Every structure is written in C-alpha cells, then in structure tokens.
Amino acid sequence: MRIATDIGGTFTDLVWQDEQSGAVGNTKVPTTPHDFGAAVVSAIRQSGQEAQGTGFLVHGTTLVINALTERKGVRTGLITTRGFRDVLEIGRANRPDIYNMTYVKPTPFVPRRLRLEVTERLNFRGEILQPLLREDVARAAETLLAESVEAIAVCFLHSYINPQHELECGRILEEHAPDLPVTLSHQVTREWREFERSNSAVLNSYVMPIVARYLNSLELDLNDMGIPSSSLHVMQSNGGSASFAAGRQLPVNLVESGPVAGVIGAARIGEMIGEPNVISLDVGGTTAKCSLVLDGAPRITSDYKIEHDRRSAGYPILVPTVDIVEIGAGGGSIAHVDESGALRVGPQSAGADPGPACQGVGDQPTLTDANLVAGRINPDYFLGGRIPLSVARARQALQPIAAHFGLDIAETALGIIRIADANMINALKLVSVRRGHDPRDFVLLPFGGGGALHGAALMRELQTRKVIIPEQPGVFSAWGMLMSDLRRDDIRTRITRVGETATAELDETFADMSVGVHEELRAEGVAAADMRSERHADMRYLGQEHTVKVPLPEGSIDATAVDELLERFHQVHEQAYTFRLDTPVELVNYHVTAFGLVPAPAIGRVCSDGLTLAGAGKGQRDVYFDDPEPLQADILERDLLPVDETLTGPAVIEEPTATILVFPGQRAWRDRFGFIHIQGEE
Amino acid sequence: MAHDPFTLTIIQEQLQAAADESFVRLGRASKSPIIYEVLDYACALLTPQAELIAEAQGVPGFTGVLPVAVESILEKFGADGMHEGDIFATNDPYSGGGTHLSDVCLVGPVIVDGELVAFAANKGHWTEMGGMAPGSWTTDATEIYQEGLQLPAVRVYDAGEPVQDIIDLLAANVRLPDMTLSDLYAGVAAIRVAEARICALCERHGVDALRASIDTLLQQGELVARSALAALPKGSWEAQDFMDDDGFSDEKIPVRVRITVTDEEFIADFTGSSPQRPGPVNGTWARLQSSARVMFKSITAPEYPNNGGCFRPVKVICPPGTIFTAQRPAPVSTYWEAGATAIDLLWQALWPIASERLSAGHFLSICGTNLSGTFDDGELFVLTEPQAGGWGAAPARDGQNGLVAQGNGETRNIPVEVCESRYPLLVEQYALDITAHGAGRWRGGRGMVRDYRLTGPAGHITTTYGRHRIPPWGADGGNPGSPNSAAVIRADSTKPEVKRGKLARYPLCRGDLVRIITGSGGGRGNPLERPLEALQEDLRSGLVTPQQAIEDYGLRLDPDTFELLEIMPERREFAKYLNLES
C-alpha cells in the first residue's frame with residue numbers, strides 16, 4: 001500500500017494505491033486545524049484500506065508555511081560574525097513599493113537584542129583570518145538561555161565555502177545549551193549571500209521545535225496503525241520526499257510541501273502519455289498556481305521568498321524549490337469595478353468563508369458565481385450534489401456590475417470569466433513565454449477545483465497543443481505526492497572559470513558532492529540500485545549576475561564534456577535571453593540532485609467495455625461559451641465515457657469534484673488511463 | 001466599431017504585461033550591475049503621439065521621462081521618416097535624454113501594415129559612456145564634454161540592421177566597449193519583445209481595438225488622477241531648503257518650491273531656486289517634471305499603474321538655467337542630487353496636507369559610491385553601489401532602518417560575500433549606526449555604517465553624498481536626523497584623514513579603510529512624549545544609548561536592567577504642560 005496525504009486549508013485529502021492491484025482511491029475529510037495529525041489518521045481510517053505494513057507514506061503539510069506566516073514559531077536567537085548582526089535586519093535594503101513614502105520593511109524574525117556577535121572571520125576563499133573565539137560563543141549561549149530562546153541559528157560569513165567555524169560553534173552550543181535545537185546556515189544551503197542564508201537558517205530554527213512535535217506525534221499515531229517509521233516521508237519544496245527525520249532537521253525545506261506535488265503529478269502524467277513538456281495549472285478557491293515541466297523535469301529555483309510581492313520585499317529562503325507562479329485568481333475571486341471604472345477579478349477572495357454568493361452565505365460576486373450564471377457549472381451536481389447552488393443568488397450578486405456596464409447578466413458573467421482567464425493567461429505566460437518557451441511545444445494540465453472549467457479556453461488563447469485533465473482533479477496534489485521519489489539536492493557556490501584548466505576542478509567537485517547526496521539517501525534506507533542522480537551547473541557570462549541552469553553531460557568531466565557543457569550553456573542562455581556572447585563563462589553553483597526511486601505502481605487502465613458516448617449523455621442544457629447567446633451543450637458523465645471515442649463541443653463533462661468545458665468545435669476524448677484530452681479544431 | 005469593455009481591459013492588461021516583460025528581458029540580458037542589481041532603468045510603451053501607455057521601472061526617478069525622449073525622436077525624424085525595425089538612441093540631458101549621459105534612451109517605432117501604432121522605448125544607466133572619469137560620473141566635472149559621449153537622437157538600427165558606424169563610434173569612445181555594447185543589445189532585445197507583443201495584440205484584436213483600448217486607458221488614468229486631485233485641499237504651500245554644495249565651493253545652494261492645488265491642476269513652481277552651478281549637481285527639466293509626477297502619485301494613487309492620463313493635472317513651472325533646469329554646457333553627471341532635492345522640497349511643502357502618506361525627512365541622497373583600483377595582478381576593478389540609510393518616522397511608526405533612498409526602488413545592496421569574492425576588499429562591518437539623532441515621539445530610522453578595507457595595492461574612492469551638511473529634517477517637534485559622510489582612515493591610523501560628502505577619485509593604498517556612514521532619519525513628534533516602554537525596548541535593542549535617553553527623552557534608565565531611575569525635569573514640565581492642554 002502507498003498512501004499520500006495532503007493537508008489543505010479546508011480539506012485533508014488522502015489518495016491510496018494498492019501496489020498489487022494498481023487500484024487507486026481517495027478520501028476527503030475536514031482539516032483539523034488544532035491537531036492536523038488527527039485528520040490524517042481519520043482519513044486513513046475512512047479510506048477503509050488496511051494500513052498495516054504500508055510501504056510508503058508521504059505527507060504534505062502546510063504546517064511550516066502557516067507557522068511562518070502566522071508567526072507561530074518559537075523565540076529564536078541568532079549568532080553571527082562580529083560586525084554583522086544587523087545583516088538580518090538590513091536585508092537587501094530594497095524598496096519594491098517605489099511610490100510608497102511610508103514603506104515598512106519585513107520585520108526580522110529575530111529582534112536585535114537576540115542577535116549576538118562572536119569573533120571569527122574567514123575570507124572569500126574560506127581561509128581563516130581570525131579564529132573562532134570559544135568564550136564568545138559560550139557567552140552568547142548564556143545570554144540566549146537567559147533570554148529563554150527555544151532555538152538558535154548560526155550564520156558566519158563565507159561558511160558556504162568553509163563550514164569549519166560554524167561546526168565548531170555548533171559543538172560549543174551543544175555543550176552549553178544541549179537542549180536547544182541549532183541550525184548552522186551551511187546545513188541549510190551552501191550558496192553564497194549572507195542575508196539570504198542567515199534568513200533561511202533563522203526560519204529553519206524558528207519552526208524546528210513545532211515541526212518536531214508535530215511529526216513525532218504523527219509518527220506515533222501512524223506506528224500505532226501499523227505503519228513503520230521507515231515508511232514515513234514528508235513532501236519537500238523541491239518536489240521530492242524525505243524521511244520524517246530529515247523533515248525535523250530541515251523543516252524549512254517543507255515550506256511549499258503541498259503546492260509542488262501537483263507539479264510532480266503533472267510531470268508524471270506527461271511521462272505516461274508521452275508529453276514531456278507540460279504547463280501545470282492549479283486553480284483553487286483563492287489562487288491559481290502555475291509551473292512548467294520541461295523534458296519531464298520541473299523547474300527548480302533557489303530564488304524563493306515568502307510574503308514577497310510587488311509591495312513587499314518578503315523573506316528569502318535559499319533552498320531548492322519548484323518554481324511556481326501564483327496569482328490571486330480562483331473560484332472565490334471577487335469581481336469588482338475599480339476606481340477607474342474597469343472590471344477586475346481578484347485578488348480578493350470570498351474563500352471558503354463566506355464563499356461564493358451561490359453557496360448561500362456570502363453576497364459578493366465571484367468567479368464561481370459567474371460560471372454558474374453562464375450555465376457552465378451544474379447547480380445540482382456541485383460536489384456530487386452535496387451542496388446545492390443557487391443560481392438566483394449568483395445572478396443577484398452580479399447585478400450591480402451588470403448595471404454599471406449596462407449589460408445583461410449573461411454578458412457580465414462572460415466578462416468576469418474572460419477577465420479571470422486573462423489573469424491566468426498572464427501567469428501562464430510568466431512561466432512560459434517570458435522564459436523563452438513557446439507554449440505550442442507544451443500541453444496544459446489544469447487541476448484543482450476550477451482548473452478543468454477554464455483549461456479549454458486557456459489552451460485556445462495560449463495555443464498549447466492540448467489540454468489534459470487528470471482523474472480526480474480535486475485531489476490531484478495528493479496523487480502527485482504518491483508519484484514522488486525521494487530527493488536530495490546539494491547546491492554549492494564555487495566560482496569557476498569554465499575552460500580547459502577547470503576540467504579537474506569540475507570533475508572533483510561534482511564527484512564529491514555526488515558521494516555526499518548518495519550517502520544521505522543510503523542513510524534513509526535507499527538501496528544503491530534505486531538511486532539515480534542529475535547534475536546541473538548554474539552558469540553565466542563573466543560579468544553577469546543572473547545564471548541559467550544547465551544540465552551536465554553524463555560521465556566524468558573531460559575536455560570534451562566541458563565543450564559540450566559550454567555549448568549547452570550558450571543554447572540555454574540564448575533561449576532565455578535571445579543572445580550569446582563570445583566572453584568567458586563562469587560556473588557559479590554546482591548542483592547535484594539524487595533521487596531514491598520509489599517504484600511507482602502502474603496506473604490501472606480504464607475498462608470501458610460496453611460504454612458509449614450516448615450512454616454517457618445526461619441531456620443538454622443552455623451554456624454560454626464565447627457569445628452572449630447560449631448554446632445547447634451536451635452534458636456527459638465522465639466515468640461513463642468510452643475510451644478513445646471523440647466527442648465534439650459544445651459539451652460539458654461532469655464529475656462530482658470538477659466540471660470540464662469543451663468549446664464549440666473542440667474535440668475531447670477519454671484515454672485508457674482515464675485522462676480527458678481536449679484539442680482545438682483541426 | 002464599438003468594442004466591449006472587457007476586451008479593452010484585457011488589451012490594457014496585456015500592454016502592461018508587455019512593458020513588464022520588456023523590463024524583465026532587459027534586466028536579465030544586461031551585463032551591467034547598475035542595471036541588473038540597481039534596476040536603474042525603465043521600459044515603456046507609448047502612443048504615436050508620445051503619450052505614455054504603460055511603463056515598468058525599477059526606480060521612481062524614471063517615472064514618466066520616456067515621453068520626452070520619444071518626442072525628441074519624433075521631432076527630428078517625423079513619423080514618416082521611421083521604418084519597421086528602426087531603433088533610435090538619445091542621451092542628450094537637456095532635451096530627449098533628460099537626465100545624464102549615462103542614461104541612454106532607445107526608441108523603436110512599432111509599425112503594423114505600414115502604420116505607426118505605438119513606440120516601445122527604454123532608458124537605462126549604461127555602465128560606461130566615456131568622459132573624464134571611469135563610470136562616466138564624477139563630482140568635479142565643469143562641462144558636459146567631460147562627462148562622456150553624446151548621442152543627439154541618432155538612428156542605431158536601420159530597418160532591423162545595426163548601423164555599424166554608430167556602433168563603432170560608441171565602442172571607440174567608452175572604456176568598457178564590451179559592456180556598453182551589451183547594454184545596447186539588452187535594450188534592443190527589450191524593444192523587440194515589446195514590438196512582438198504589440199503586433200500579436202493587433203493581429204488578435206485588430207488595430208482599431210488596440211487604439212480604443214489605449215484611449216480608454218488614458219481616460220481612466222486621468223479620471224483616477226482627477227478624483228484624487230478633487231480630494232486634496234485647495235491652496236498654496238511653500239518650502240525652501242538648501243543643497244549642501246556643488247563640490248567646488250562650500251557655498252550652500254538655495255532652492256524653493258511653491259505648490260498650488262486648484263480644481264484643475266497640481267502646480268509645482270520652482271521659480272526662485274539657485275541658478276545652475278559649475279559642479280555636476282545640476283538637474284534637468286525632464287527629471288524635474290518626473291519629480292513632481294512622483295510626489296503627486298505618491299500622495300494620490302500610488303498603486304494605479306502609470307499612464308499619460310495620470311499626469312495630466314500635473315504642471316511644473318521653472319525658468320531655464322536653474323539648478324533644476326540646467327542648460328548646455330552645464331555638467332549634470334550627478335543630476336540625481338538635484339532630482340532628490342526637488343522631491344524632498346515637494347515632500348516638505350506637501351507635509352501640511354499629506355503627512356499621513358509621508359514619513360519625516362530621510363537620508364535622501366542615493367549616496368553614489370564608486371570604489372575602483374587594481375588587483376595584485378594589475379587587473380582593474382570598479383565597485384559602484386548605492387547605499388542604504390535611515391528613513392524618517394512614519395505616521396505612528398518609527399522610521400525604517402537601512403533602506404535605500406527615495407530615488408532608488410527595487411535596488412539591492414551588494415552582499416558582503418559577493419563583494420569580497422569579486423573585489424580586493426574586506427568588509428569589516430555592516431551595521432546600523434547608533435547616533436544621538438532623529439529623536440522623536442516616533443524615532444527616525446537608523447543609517448548604516450559600512451567599512452571597506454582595501455586588500456589590493458591601490459585604489460580611488462569617489463562619492464557624491466548630499467545631506468552631508470544639512471541633515472534630514474524632523475517633523476512636528478521631532479529632531480533632525482544625522483548627515484551622510486564618507487571617511488578615509490589610513491592603514492596605520494584610527495582617525496579619519498578626510499570625512500566628506502563628496503570625494504573625487506581620492507587615492508587609497510593597501511590597508512586603508514573607507515568608512516561609509518549614512519544618515520539617520522528625522523523624528524516625528526516631541527521626543528519627551530515617547531513612552532517609557534518604547535524607550536526601554538530601544539535600549540534593550542541597543543538602538544538608543546542611555547545618554548541619549550537622558551538628553552533627548554528626559555528619562556534616566558538603568559543601563560543594565562533598563563529600569564526607570566529618574567524622570568528629568570524637562571520631561572516632567574512637558575507632561576504638566578500636556579495635562580494643562582488637555
């Protein structure tokens with residue numbers, strides 16, 4: 001048995017798969033905010049599956065991001081190189097909200113009085129200029145204990161190249177404050193930039209005790225159900241899983257635990273159907289998140305920040321994270337007329353509470369209300385009919401906007417949908433066109449509660465080749481987790497001029513790092529036969545700041561391999577920035593990734609013997625597509641569709657947790673895995 | 001043909017997205033730190049009449065300046081004289097370029113089916129444009145001919161092909177031709193991407209829909225500006241101040257503004273400000289106009305995207321030949337000093353009507369610092385960076401510590417680890433500067449101290465720091481902040497040999513230390529009203545010294561336990577007075 005559980009704001013999803021039969025199932029239970037683990041346990045119970053002896057359980061949790069954004073972590077102290085305790089507060093000193101004359105910087109997670117300095121100094125080569133003064137560390141430990149901190153972070157200058165002083169400091173802290181969890185910055189990341197690294201170490205310490213308590217307690221509960229500790233994993237921001245032990249040590253790796261899983265799922269589906277280039281789109285209640293999978297691999301970045309937007313500098317976390325662009329466009333996004341008289345949708349959201357007007361509590365017009373008014377959503381089949389929707393309430397909510405523009409309700413609903421689509425298009429372009437990728441080389445994979453409703457329109461506008469709607473789009477993130485492998489990343493900053501002379505340095509550094517990450521996986525119980533690794537180099541032209549990530553050729557690195565690497569770099573650079581240069585090339589970061597392959601069970605084939613398109617039909621209804629005149633659209637039940645039989649829009653394919661729209665002239669069919677494909681007119 | 005309102009909105013969003021994409025493209029393609037780190041550049045789309053449609057910029061100083069560049073190109077070449085694929089360049093400070101020679105504007109007409117539908121333009125601080133000093137700015141130039149190569153509105157791409165003669169001329173006149181040319185190519189790439197997006201919009205929706213969309217966009221911008229104007233009180237407000245000096249004499253430079261708000265206009269009149277000066281602190285007309293736009297926007301609708309309509313009510317008056325409107329051949333390479341001064345003047349004048357949207361005076365100068373020299377092997381290095389400093393107290397909040405100046409935006413400091421890897425320098429501290437300034441009911445934010453020790457054999461330091469003599473202003477009874485300065489401490493000494501605001505290529509030897517100190521911001525409200533608890537926290541955090549607590553705040557606190565030992569007489573008197581008042 002394999003189990004994935006994904007804790008969301010409203011629901012905790014569970015997807016299980018029986019490895020023998022290939023059967024897949026899911027359960028949704030309400031999230032239990034005061035004890036997240038309780039929902040996990042109850043979801044497993046409700047699934048009706050025998051948990052005993054589960055071989056692989058992976059857990060995605062919002063615990064870390066919530067503790068950070070709600071400031072529910074512990075009182076944390078920071079120890080720095082003498083002269084640099086204010087680095088955490090100064091940050092990069094940027095002022096993104098440029099017209100705001102009262103801009104407020106993000107407040108550091110450690111106040112000045114808990115930031116202490118010790119004498120020590122390395123230079124940029126990692127050579128010791130001043131040895132670490134033990135007494136300073138001992139004194140700092142005393143002060144922090146007296147201040148009753150519950151965790152400590154340490155960040156020394158240039159520790160990314162030589163961690164010796166940080167390690168020594170860690171040992172002294174262990175002697176003087178044995179009960180306090182400590183994060184040494186180089187353990188979180190071996191990349192340069194002291195502010196970003198300090199902040200990452202601080203955030204890690206800030207949530208360590210909380211995550212430890214949570215995972216410990218969950219582990220005991222799961223052990224009680226007969227699931228051994230060796231089977232327990234957490235989903236990391238890098239799109240791979242790690243043991244509970246690793247999660248406790250580096251919880252800051254779990255910040256994007258939930259959202260990345262959908263991207264992993266998208267990559268997996270792409271692989272199954274022979275489409276290595278996928279744009280994933282997760283449309284939830286409040287936001288839409290998109291990401292790009294190229295040649296089967298999600299894009300990973302360590303330029304990641306929380307609470308960062310056009311108005312705020314945010315807090316950087318220098319750990320590998322699947323690159324996701326998130327915008328305020330979801331089913332609950334509120335439509336409103338702005339100060340200039342133009343229609344906007346989002347980023348404000350009615351969320352789950354009060355929710356869209358049609359659900360009976362709220363009265364603000366939302367995207368869901370517009371979809372309902374347009375006939376796209378079936379009012380009697382929302383969540384399989386469990387929640388009846390009121391078309392009358394939705395129309396009433398849209399009325400003021402219709403009056404403002406002097407349009408009828410249907411035109412208004414279509415306007416709201418088009419604006420929301422345009423917002424999503426802009427986000428999709430951010431991850432594709434703006435990075436030099438042509439959407440025509442990709443398929444679009446929408447999921448989440450609202451993805452399937454908008455996918456076909458977005459495909460048409462963006463000109464992706466196809467839309468693929470996975471099974472159970474509402475619990476797709478959990479399904480993606482189920483498909484994840486163990487993953488370890490090691491990224492190290494070491495500036496290397498790439499040319500004939502650097503061959504040995506490249507080869508040795510990559511080899512060393514490779515040994516390290518494989519060792520870590522071995523410690524997690526992965527057999528050598530199940531390990532696979534990837535090597536990348538973050539490279540740039542001499543003088544540039546930004547790098548591009550370039551995959552390394554296989555094998556040891558000799559002169560030929562370096563030539564190949566350089567050529568790949570020029571190509572990747574040209575794709576991203578339109579030009580190549582005849583200047584020296586620098587390697588900035590070495591990046592090694594090791595995967596512990598978890599044998600992915602085969603996905604069961606759909607058996608559709610005896611099913612016909614006619615049999616899947618549930619009649620027709622008026623649906624507004626592009627024009628303010630409704631069309632009679634065929635309504636079909638997804639699970640009753642025969643495999644590989646093509647239907648032509650206008651049509652609506654319904655299932656309990658999602659609605660799939662097929663525009664006039666578009667063709668759609670269900671494939672042998674159960675995925676719905678939609679393509680434009682021929 | 002009528003277009004539905006939603007299509008128009010969607011086109012507008014895509015125009016903004018095209019400007020944003022152009023901005024990202026330029027930044028990522030550039031090899032110049034001043035562009036990719038400091039974001040000292042802007043990208044815009046404009047109408048065929050040179051009105052701003054959308055812009056994206058990293059620093060506020062380029063707000064609404066590109067229309068001036070496009071006007072100058074239109075004037076010289078005319079719409080008929082432009083072809084598909086052409087790109088024009090100008091950096092003339094007194095006309096189209098609008099700032100200093102380092103800021104080069106590139107303008108590309110977007111032509112669809114033989115018809116001019118828009119302009120794509122950008123303006124960036126190119127790292128090297130030649131002239132007497134590396135980096136093309138210094139504090140001792142006396143005429144523009146010393147400040148670099150002038151591009152007086154010339155064609156650099158002809159129907160898609162580079163004009164090689166111009167490019168050769170450019171390369172021959174700059175110190176780092178490779179870098180300067182890549183700035184050019186990055187700008188060209190940004191224009192090409194904007195062009196492609198506009199063409200795609202025309203193909204999808206038609207040229208008519210594009211025009212209708214742009215028209216409504218500008219109308220909406222004007223509507224927003226006019227309704228914000230209506231909400232402002234009507235009347236006139238004045239401010240006067242001084243700039244420190246021009247680098248040649250110690251004479252302070254008087255400046256003044258009178259703001260008049262009417263039902264129709266927001267008028268900023270700088271008449272009466274000093275004539276232009278011999279040193280390069282002079283500003284230019286386009287930048288002055290931009291300053292007024294920035295302040296108008298900041299106190300009205302800071303979140304609304306910029307377009308030509310937003311600035312229709314803003315009117316700037318200033319005779320030619322002043323410190324803000326220099327004429328050829330006045331040097332202007334550190335024009336940002338005059339630009340920042342204009343902003344700060346407007347800021348002070350607006351205080352009575354908009355203090356809830358403003359902080360008290362801040363360190364103001366971007367504190368341009370240029371540290372150059374050689375490595376042991378003789379290779380050259382140039383470190384150019386802006387500094388962070390203290391901001392004034394905001395409404396009901398202490399000022400921000402260590403934040404870039406108003407003239408900067410998404411501008412980041414250089415990490416110590418990056419700096420030491422790239423230059424022969426050791427950064428010995430990067431800390432908040434705890435001075436006895438900026439006291440108030442709400443405190444001014446702290447400036448910074450950053451120490452560079454030269455580990456290479458030799459170097460030079462050039463700085464241009466305004467507010468070195470005249471500190472940031474306090475408000476509503478708050479104390480002024482502290483001044484900006486750069487000091488040189490020789491290897492064998494602990495005392496500064498020199499401590500100034502402006503240094504021009506001051507020589508350094510191995511082991512010498514450059515100490516950069518930026519100002520604390522001004523306080524707000526009487527310091528005697530600052531609550532005891534806030535002051536205790538200040539002492540605990542080491543942000544205020546026990547001595548300053550006594551002198552400015554009238555409280556004697558135990559330096560170890562922070563307990564109250566004594567309320568000084570002036571604080572008691574003040575409390576009595578407040579009680580009587582209430």
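Strand 10 (residues 266–269) and strand 11 of chain B run parallel and are joined by four bridges. Strands here are DSSP runs of E, at least two residues long, and helices are runs of H or I of at least four, numbered from the N terminus. A268(B) has V316(B) as its bridge partner in strand 11 of chain B. The model is predicted: local features need pLDDT of at least 70 and side-chain atom pairs count only at pLDDT 80 or more, while totals for chains, interfaces and linings use all residues. Residues are numbered from 1 along each chain as its sequence is written, and chains are lettered from A and ligands numbered from 1 in the order in which they are written.

Both strands belong to an open, mixed sheet of four strands in chain B, ordered 8-9-10-11. Pairing requires at least two DSSP bridges between two strands. Strand 8 (235–243) and strand 11 (314–317) of chain B each have a single partner strand, so one side of each lacks a neighbour in the sheet. Neighbouring strands are turned by 15° against each other on average, direction ignored. Helix 7 (residues 285–299) of chain B packs on this sheet and touches strands 10 and 11 of chain B. Contact means C-beta atoms, placed from the backbone, within 7 Å. The direction of helix 7 makes about 140° with that of strand 11 of chain B. Axes are lines fitted to C-alpha atoms, for helices over the stretch in contact, and angles run from 0 to 180 degrees between N-to-C directions.

Helix 7 is also among the elements of chain B that give two or more residues to the side touching chain A. In total, 60 residues of chain B contact 53 residues of chain A. Helix 1 of chain B gives the largest share of that side, 10 residues.

Definitions and conventions: Contact = placed C-beta atoms within 7 Å.
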